[in-house]
Amino acid sequence: MSAVRRLVVEADGGSRGNPGPAGYGAVVIDAATGETLAEAAEYIGVATNNVAEYRGLIAGLTAAKALFPDEALDVRVRMDSKLVVEQMSGRWKIKHPDMKPLAARAAALLPPSSVTYEWIPRAQNKHADRLANEAMDAGRDGRQWEASASTAELDAPARTPLPDRGPPGDAAAGAAKARAALAAARGGSDAGTLFEVDTPAEPQPTDATAVAEAPDATAVGEAADATGVTAAPQVGWAAAPDLGAPATFVLLRHGETLLTPEKRFSGSGGTDPELSAAGRDQAARAAAHFAALGTVQEIVSSPLRRCRETAAAVADRLGLDVRIEDGLRETDFGAWEGLTFGEVRERYGDDLTAWLADPGTAPTGGGESFAAVAERVAAARDRLTARYAGRTVVLVTHVTPIKTLVRLALEAPAQAMFRMELSAASISTVAYYGDGNASVRLLNDTSHLR
């Protein structure tokens, strides 16, 4: 039997804007001598950091395989991305739809038993980091990265031969999960349905089980905040790696309109009412509350007038601009716009019953189903979490989008929305972490209005 070729792959990726102009870098190293055997880098257009990091991993493994196509390989992957290392090792779920096919591609390149993953500090990943930045610089200048012009290795730390590694650990499990994730992304096991929950390829504790066995999640988070490190939820509640600060969405329902006290259907297909006097007062109180907290960094609003007016009150108080996100608009209630629940029951009883029973049923007259709204809101969530990673953002929106964000964070069924109360100008909060998990921190707080 021929000897096993021992290699190290160091990979990195970056995005100037997250999402923004992005590139990756990867280097293949002889584990016995520390010699650089191959470099790879590419500008990939607009993408997130995580996509670029996965692309770097794929490029590194592809290069290693191409160097020695007929030899047995023992590859140690070293990256400063906690997300990629933990997901590919099988310790974290792969939940984000953009990550699933990339992880599966990486897992399919080499036998799972021949690859292990190791997290390293960024300072030890300078070679790959410089390659990624060279690729992004090339893209900025409208050209392709060229290996012959690269100086990335010059600033890389000196390498020493690596000792033999131990057992392969969880790499095989990670590869199995990645392949299962790709199958789900392609529609296997009905994974394309809106309310399907991502599940691992083999049994492991669910989040609910983990919470039942662990200390109170809020207490854990508060203890971490006190030390300046944000705690990241993970299955099993093992020692949590530092994912950095989450994208924290402070969900502010708009203030009252004249339709609000009468509990009339008021969606995106109606008259687009303005705030009432009471609603303007509520918006001002919310603005004062956020000013006192001093934590809000961005404001995003639904395009509808009542939200834009509420957002403007907050923005004026905080000195911030307002970004409009169409995905945060309220449901189009079709023929029910402007009617009370009782009036809809009287005029469209069968349609109302079907709508309450099935998230795929739309209101009378061509409105939006809960399923359609959830798809739209989830897409907006993904765009915003990528844009505002690590920041605290007020999202000024409506009842259905807020309830949808909360119930998706809880992985609850659509019917759970009927069990939530959301008052005008109330505040709810959801934090989104780098591994794709979410934490509901607050629901329907109205203390700032009293």
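**The whole chain**

The model is predicted, and its chain has 13 helices and 11 strands. Of the 450 residues, 48% count as buried. The accessible surface comes to about 20200 Å², and carbon and sulfur atoms hold 51% of that surface. Now take the contacts with a separation of 6 or more: 72% of them are between residues 24 or more positions apart.

**Two helices side by side**

Two packed helices are described by the angle between their axes and the distance between the axes. The crossing of helix 1 past helix 3 is left-handed.

Which residues make the contact between helix 1 and helix 3? Here they are, helix by helix:

| Helix | Residues in the contact |
|---|---|
| Helix 1 | Asn50, Val51, Tyr54, Arg55, Leu57, Ile58, Leu61, Thr62, Lys65 |
| Helix 3 | Met99, Leu102, Ala103, Arg105, Ala106, Leu109 |

By type, the residues of this contact divide into 10 nonpolar, 2 polar and 3 charged.

**A closer look at helix 3**

Is helix 3 mostly covered or mostly uncovered? Helix 3 is mostly covered, with 8 of its 11 residues buried. The buried residues of helix 3 include Met99, Leu102, Ala103, Ala106 and Leu109, and these five also take part in the contact with helix 1. Lys100, Ala104 and Ala107 are buried in helix 3 too.

Terms used
Residues are numbered from 1 along each chain as its sequence is written. This is a predicted model: local features need pLDDT of at least 70, side-chain atom pairs count only at pLDDT 80 or more; totals for chains, interfaces and linings use all residues. Side-chain values use heavy atoms; hydrogens and water are left out. Helices (H or I, at least four residues) and strands (E, at least two) are DSSP runs, numbered from the N terminus. Buried means under 20% relative accessible area, exposed over 50%, partly exposed in between (1.4 Å probe, protein chains only). Contact means heavy atoms within 4.5 Å. Accessible areas come from the Shrake-Rupley method with a 1.4 Å probe; for residues, only the protein chains shown count as cover. A crossing is left-handed if the near helix is turned anticlockwise from the far one by less than a right angle, and right-handed if clockwise. Ala, Val, Leu, Ile, Met, Phe, Trp, Tyr, Cys and Pro count as nonpolar, Asp, Glu, Lys and Arg as charged, and the others, Gly among them, as polar.
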